[in-house]
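Visitor: I would like to go through this structure label by label. For each label, tell me what value stands behind it.

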Amino acid sequence: MTTQKIILTLDDAKRIAAAAESEALQNQWPVVIAIVDDGGHLLYLQRLDNTQFGSVTVAIEKARAAIAFRRPTKVLETNITEGRLQYLKLPGALPVEGGLPVIIDDQFVGAVGVSGVRSFQDAQIAQAGIAALISHLQGR
């Protein structure tokens, strides 16, 4: 039995980034937006003006953690704050909110990581990007 694999294209990544950028600019939040494919490979990176350069690596790692563990990085963060310190030893786990997997038709196709402002704001920006892609796909 074979299945059809859905892939996240560069156009998809650009659509996510544009909506995420719009959300960030609307709130005057300087951030880095990173989008990875289902293997954690960087597809697209956008650093808004005046964003600290340390957020580049953090955004990428948030996205990679979200796809590697197929869950928002907020889940990893919650586990740590609840005392499950073994999560700190998971390779590639970044337990800081702001990384979200991209799921299309029940398939994990990639992830978005955002860094630059407070973690819950990073997640808000990432969610805006994903929502724009989902809305576009539903409109086809």
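Guide: Start with the rule for pairing: two strands pair if DSSP finds at least two bridges between them. Keep in mind that this is a predicted model. By that rule, four strands form an open sheet in the order β2-β1-β4-β3, with antiparallel pairing.

Visitor: What makes β2 and β3 stand at the edges?

Guide: Each of them has a single partner strand. One side of β2 and one side of β3 (99-104) is therefore left without a neighbour in the sheet. From one strand to the next, the twist averages 15°.

Visitor: How do you know that β1 pairs with β2?

Guide: Count the bridges. Pairing needs at least two. β1 and strand β2 (residues 42-47) are joined by five, and they run antiparallel. Among the partners, I33 has Q46 as its bridge partner in β2, and A34 has L45. I35 stands opposite Y44.

Visitor: What lies between β1 and β2 in their hairpin?

Guide: Four residues. G40 sits in that turn, with a positive phi of about 80°.

Visitor: How many bridges join β1 to β4?

Guide: Six, to strand β4 (residues 107-115), and the two run antiparallel. I35 has V112 as its bridge partner in β4. D37 stands opposite G110.

Visitor: Why is strand β1 called largely enclosed?

Guide: Buried means under 20% relative accessible area. Six of the six residues of β1 (residues 32-37) are buried, so the rest of the structure largely encloses this strand.

Visitor: Which residues of β1 point which way?

Guide: V32, A34 and V36 point one way, and I33, I35 and D37 point the other way. All of these are buried. In a regular strand, side chains alternate between the two faces of the sheet.

Visitor: What makes β4 largely enclosed?

Guide: Seven of its nine residues are buried, so the rest of the structure largely encloses β4.

Visitor: Which residues of α1 and α4 meet?

Guide: From α1, D12, R15, I16, A19, A20, E23 and A24. From α4, Q124, I125, A128, G129, I130, A132, L133 and H136. The residues of this contact divide into nine nonpolar, three polar and three charged.

Visitor: Where do α1 and α4 lie on the sheet?

Guide: α1 lies across β1, β2, β3 and β4, running at about 25° to β2. α4 lies across β3 and β4, running at about 10° to β3.

Visitor: Why is N50 called exposed?

Guide: Exposed means over 50% relative accessible area. N50 has 78%, so N50 counts as exposed. N50 lies in the loop between β2 and α2 (54-68). Its phi is near 65°, a positive value in a residue other than glycine. Most residues other than glycine have a negative phi.

Visitor: What makes D106 exposed?

Guide: D106 is at 76% relative accessibility. The cut-off is over 50%, so D106 counts as exposed. D106 is in the loop between β3 and β4. Phi of D106 is also positive, near 65°.

Visitor: Why is K74 called partly exposed?

Guide: The relative accessible area of K74 is 36%. Buried needs under 20% and exposed needs over 50%. K74 falls in between, so K74 is partly exposed. K74 lies in helix α3 (residues 73-81).

Visitor: How far apart are K74 and G99?

Guide: In sequence, 25 residues. In space, 7.5 Å from C-alpha to C-alpha.

Technical notes
Residues numbered from 1 in each chain as written. Predicted model: local features only at pLDDT ≥ 70, side-chain atom pairs only at ≥ 80, totals over all residues. Heavy atoms only, no water. Buried < 20%, exposed > 50% of the residue type's maximum accessible area, 1.4 Å probe, protein only. Contact = heavy atoms within 4.5 Å. Nonpolar A, V, L, I, M, F, W, Y, C, P; charged D, E, K, R; others polar. Axes fitted to C-alpha atoms, helices over the stretch in contact; angles between N-to-C directions.
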